[in-house]
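Visitor: Could you take me through the pockets and the surface of this protein?

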Amino acid sequence: MSYIDGFIIAAPTADKAKFIDHANRMDKIFLEFGALSIVEGWGDDVKDGKVTDFKRAVQAKDDETVVFSWIIWPDKATRDAASEKMMNDPRMKEPMPFDGKRMIYGGFTPIVELEG
């Protein structure tokens, strides 16, 4: 069964092109290490919630946009092996165009998968 890594970050709105360039470089490494697909979603309709929301989760500032991303792996073993490789890959040392301390991420086992 597949395995999913999910990420939510706040990226500087003015640096959208810089973020896209960074994502293209980094995402190719994930694919090289076995990822099946990657989606980088730039916030377009991210509303303020009454109790919590994406913006508050990453402490997004007025000049930042929420980015929602995920990586689909064939299985957790492939993801774990890729994580190990990434820790030692010098290409992964490139500075991130966002505040990584406010990134929320986690690994998920799908429990329902539907395709149309």
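This is a predicted model: local features need pLDDT of at least 70, side-chain atom pairs count only at pLDDT 80 or more; totals for chains, interfaces and linings use all residues.

Visitor: How much space lies in the largest pocket?

Guide: About 800 Å³. A pocket is an open set of points on a 1 Å grid over the protein atoms alone, where a 1.4 Å probe fits, with protein on both sides within 12 Å along at least five of seven lines; lining residues have an atom within 4 Å of a point. A volume is the space filled by probe spheres set on the points, which are joined across faces, edges and corners.

Visitor: Which residues lie nearest its centre?

Guide: F7, F30, M92, M96 and M103, out of 29 lining residues.

Visitor: Which element gives the largest share of that lining?

Guide: α1, with six residues. Helices (H or I, at least four residues) and strands (E, at least two) are DSSP runs, numbered from the N terminus.

Visitor: And the second largest pocket, what is its volume?

Guide: About 170 Å³. Its lining includes F7, W70 and Y105, and β1, β3 and β4 each supply at least two residues.

Visitor: Turning to the surface, is I111 buried or exposed?

Guide: I111 is exposed, at 79% relative accessible area; buried means under 20%, exposed over 50% and partly exposed in between (1.4 Å probe, protein chains only). I111 is found in the segment after β4 (104–108).

Conventions:
Residues are numbered from 1 along each chain as its sequence is written. Side-chain values use heavy atoms; hydrogens and water are left out.
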